[in-house]
Amino acid sequence: MDYSVDFLDEGIRELGIEIDRRQRDQLLLYYEILIKKNKNINLTSITEYKEVVVKHFFDSLSIVKCIDLRNLEISMIDVGTGAGFPGLPLKIVFPQIKMILLDCIKKRIDFLEELIQIFHLEQIKAIHGRAESIGADPSLREHFDFSVSRAVSNLTTLSEYCIPFVKVGGNFIAYKSSHLDIELEDAVKAINLLGGEIEKVEEIQLPKTDIKRKIVCIKKIKNTNNKYPRRVGKPERVPIT
């Protein structure tokens, strides 16, 4: 397929990011494969080129408005990555990041493993599993500098999924809609109980649109009690109150 790259290039520049031709080609190929595979696997409801670029690529990369990733040698886990967002665009644009993509749907992990091979990416792995189970794995628990998630769960539940992966001194970054106030207020107790504290909340506007997004930055200040995350399904059914 042939796409004008100006829309992609201009939006990425608006985020303060520079990419090379290889990275641009990888993002365009990502789109092509995503749309092709989406015919057989439920990966995304968004399929139009510019919408995917804005709502998946620009949105995934918008974390740079909170944290400058350009020269950071960090480890990151993307919890509930789905079709690879935000973790895979971040890995493509910032290849020095050591990345884990975690999802509970095996077909999505198979799709991501295929992309990793096609793009010849290193220091990245796609893992099939539930956050509640994988978060108790000693090799991954409190192992990462950053945990990120664009999953649709409320912030209280997301915090129980994601904070246990973060080492003390690291950050959990949640991508949320602009309508966050009540959800954020409700999540404070759980965040503190899990060893975190809200460091900042940044409102951003996605390039080339009027879409607003809030990025919640949660600092890990102490170890998470071993009883969290609770057994599979409980963080969603009975959020911490």
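Author: What follows is a set of questions about labels, each answered by setting a value against its cut-off. Please keep in mind that this is a predicted model.

Reader: Happy to. What makes the pair lysine 208 and glutamate 10 a salt bridge?

Author: The N to O separation of their side chains is 2.7 Å. A salt bridge asks for a Lys or Arg side-chain nitrogen within 4 Å of a carboxyl oxygen of Asp or Glu, so the label applies. The structure holds 15 salt bridges.

Reader: Why can you say that the lysine 208 and glutamate 10 pair ties together parts apart in sequence?

Author: Because lysine 208 lies in the loop between β6 and β7 while glutamate 10 belongs to helix α1, and the parts are 198 residues apart in sequence.

Reader: Why is lysine 208 called partly exposed?

Author: Its relative accessible area is 37%. Buried means under 20% and exposed over 50%, so a value in between is partly exposed. Glutamate 10, at 33%, gets that label too.

Reader: How do you know that glutamate 114 and lysine 37 meet in a salt bridge?

Author: Their side chains come to 3.2 Å, N to O, and the limit is 4 Å, so the pair qualifies. The two are 77 residues apart, with glutamate 114 in helix α5 and lysine 37 in helix α2.

Reader: What about arginine 213 and aspartate 59: are they buried or exposed?

Author: Both are buried, which means that each has under 20% relative accessible area. Their side chains form a salt bridge at 2.5 Å, N to O. Arginine 213 sits in strand β7 and aspartate 59 in helix α3, so this pair ties together parts 154 residues apart in sequence.

Reader: What makes Asp59, Arg150 and Arg213 one network?

Author: They are joined by salt bridges that share partners.

Reader: Why is isoleucine 191 called buried?

Author: Its relative accessibility is 0%, and buried means under 20%, so the label follows. Isoleucine 191 is found in helix α8. Leaving aside neighbours within four places in sequence, its contacts include Leu155, Ser159 and Ile218. Ile191 is also among the residues of a nonpolar core of 28 residues.

Reader: How do α7 and α8 pack, and which residues make the contact?

Author: Their axes are 8 Å apart, at an angle of about 35°, and the crossing is right-handed. Helix α7 contributes Leu155, Thr156 and Ser159, and the α8 side includes Leu184, Ala187 and Ile191. The contact residues divide into five nonpolar, two polar and two charged.

Reader: And why does threonine 81 count as buried?

Author: Threonine 81 has 3% relative accessibility, and the cut-off for buried is under 20%, so it passes. This residue is in the loop between β1 and α4. Not counting residues up to four places away in sequence, threonine 81 touches Leu101, Leu102, Asp103 and Leu112.

Reader: Last one: which residues have the most contacts inside the largest nonpolar core?

Author: Those are Leu8, Ile17, Tyr30, Phe57, Leu90, Phe94 and Phe111, in a core of 58 residues. Beyond four places in sequence, phenylalanine 94 touches Ile17, Leu61, Val64, Leu69 and Arg70.

Methods. Residues numbered from 1 in each chain as written. Predicted model: local features only at pLDDT ≥ 70, side-chain atom pairs only at ≥ 80, totals over all residues. Heavy atoms only, no water. Axes fitted to C-alpha atoms, helices over the stretch in contact; angles between N-to-C directions. Helix = DSSP H or I, 4+ residues; strand = E, 2+ residues; numbered from the N terminus. Left-handed = near helix turned anticlockwise from the far one by under 90°. Contact = heavy atoms within 4.5 Å. Nonpolar A, V, L, I, M, F, W, Y, C, P; charged D, E, K, R; others polar. Buried < 20%, exposed > 50% of the residue type's maximum accessible area, 1.4 Å probe, protein only. Core = buried A, V, L, I, M, F, W, Y, C linked by side-chain atoms within 4.5 Å.
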